Amino acid sequence: MNSLVLLNGSPRGERSNSMKMLARVAEGWVRGGGQEPEVLHLAHRIGFARAVKAFAQADTVILAMPLYTDSMPALVKSYIEALQPRTAVAEGENPALGFLVQSGFPEASHSRPLERYLQKLARRFGSLYVGTIVRGGGESLQMMPDRANEKLWKQLRTLGEQLAHDGCFGAEELRAVAGIERMSALTLALARLVVNLPIMQFYWNGMLKKNGAWELRFAAPYAPAAKL
Amino acid sequence: MRISILNGDPDPSTAFQVYVHDFAQRLSASGHAVTTLDLREFNLKGCSGCWGCWVKTPGECAKRDDSATVCRAAITADLLLLASPLTMGFTTALLKRAADQMIPLIHPYFVVEDGEIHHRARYAKYPKLGLLLGAGGDCDAEDCEITTEMWRRMARDLKSQLVFAAVSDRSAQEVADEFARVA
């Protein structure tokens, strides 16, 4: 039976949205007959070091990350740089490689250039590319109870199960889990109307008020004269 | 023009270091006010996704490090030039660490821009972005293209646009001449 290593590349570590999603992929993998995967958090020094070693030992690696400024977080890029010696090993010596990219934006389009980079990265290692799970709206996972996301969890378990059975994620399931690729003209028109409604800002406003920072919410400390 | 250069090469002994500083001198000689930040000399702890810069200390990272210097250099410039060798097909983790810690420059509220949801501006004016990539290593033209596309999107996140992208496979003077034409 193939071994699976799940790498959580979120700087938030265990409490991250990336980990919440990765955990469901793991459930599907086990349900599909795979052995319990090893889970490592790059945000921890020990987890990072172990992840460099695990890459050389695993049959399959899934690297999950949040989208930071429309690319990978610096933490993930550090990990990729640490793996540079693995580009020199013989063909077939590196694990099959897949990815999970989740972002706070609702559309998958924000993550596509990174997906292209990750696909090339798999080629750089001579690895079998098993696919990239792209999902928008990730920050909402922090706001909503787990039971409200059951449809997403089911999609992710299915992808994990496919990985165990077929050795890769299904193309149709990847399209489905991505949700909105880009908003239609009608949806955009609606979004322009609702984006300024208080309900759209309640998450941020609630935290600003809780932290006593509400009055400072439009602060522009590095160019005070240019404040909006 | 006020130009801030973020040099993301972690190795002080490379040819790219020499190239970046040579390029900066040529920009200065053309009359620009150039500030070069060698990021390897800065204490940047990296973004931990805590959102403190949006909901606790709006506009500022709560970490005690040098990210405020980077943010100030970025937002007060007319053009922010991101310089980095390509490693494993992308700009360095060092440059990315600085970029991740620039999110205090935008606001958490959402807006619709360019047909997508984005974050709202915090400042009235943002610098234009430029990209200077170090050639060589194991990276090819496709890597340059992918990297440029990702930074083009990063520019959009920063309420800006990528107006210049070049690779250090030409002389610094040639690249400076191109910069003068397009930036």
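**View 1. Helix α9 of chain A has a bend in it.** Helix α9 (residues 198-210) of chain A bends by about 45° at Trp204(A). The bend at a residue is the angle between axes fitted to the seven residues ending there and the seven starting there. Helices here are DSSP runs of H or I with at least four residues, strands are DSSP runs of E with at least two, and both are numbered from the N terminus. After α9(A) comes Gly212(A), with a positive phi near 65°. A note on what you are looking at: this is a predicted model, in which local features need pLDDT of at least 70 and side-chain atom pairs count only at pLDDT 80 or more, while totals for chains, interfaces and linings use all residues. Residues are numbered from 1 along each chain as its sequence is written, and chains are lettered from A and ligands numbered from 1 in the order in which they are written.

**View 2. Chain A carries an open, parallel sheet of five strands.** Reading across, the order is β2-β1-β3-β4-β5. At the edges sit β2 (38-41) and β5 (129-135) of chain A, each pairing on one side only. From one strand to the next, the twist averages 15°. Two strands count as paired if DSSP finds at least two bridges between them. Strand β3 (residues 60-66) and strand β4 (residues 96-102) of chain A have seven bridges and run parallel. Look for Thr60(A), which stands opposite Ala96(A) in β4(A).

**View 3. From β1 to β2 of chain A, the path goes over a helix.** Strand β1 (residues 4-8) of chain A pairs with β2(A) in the parallel sense, over four bridges. Leu6(A) faces Val39(A) of β2(A) across this pairing. To get from β1(A) to β2(A), the chain goes through helix α1 (residues 17-31) of chain A, in a right-handed β-α-β crossover. Right-handed here means that, with the strands pointing away from the viewer, the path from the first strand over the helix to the second runs clockwise.

**View 4. Helices α1 and α6 pack together in chain A.** Two packed helices are described by the angle between their axes and the distance between the axes. For α1(A) and helix α6 (residues 150-166) of chain A, the angle is about 45° and the axes are 6 Å apart. Axes are lines fitted to C-alpha atoms, for helices over the stretch in contact, and angles run from 0 to 180 degrees between N-to-C directions. So α1(A) and α6(A) count as oblique to each other; angles under 35 degrees are roughly parallel, over 145 roughly antiparallel, 65 to 115 roughly perpendicular and the rest oblique. The crossing of α1(A) and α6(A) is right-handed. A crossing is left-handed if the near helix is turned anticlockwise from the far one by less than a right angle, and right-handed if clockwise.

**View 5. A helix of chain A packs against a helix of chain B.** Helix α4 (residues 112-124) of chain A and helix α5 (residues 141-157) of chain B meet at about 155°, with 9 Å between their axes. That makes α4(A) and α5(B) roughly antiparallel. The crossing of α4(A) and α5(B) is left-handed.

**View 6. Chain B has an open sheet of five strands too.** The order is β2-β1-β3-β6-β7, with parallel pairing. Its edge strands are β2 (33-38) and β7 (162-167) of chain B. Strand β6 (residues 128-134) of chain B runs parallel to β7(B), joined by five bridges. Leu132(B) is opposite Ala166(B) in β7(B).

**View 7. Strands β4 and β5 of chain B form a hairpin.** Strand β4 (residues 106-113) and strand β5 (residues 116-121) of chain B run antiparallel, with six bridges. Glu113(B) has Glu116(B) as its bridge partner. Two residues lie between the strands, and Asp114(B) in the turn has a positive phi of about 55°.
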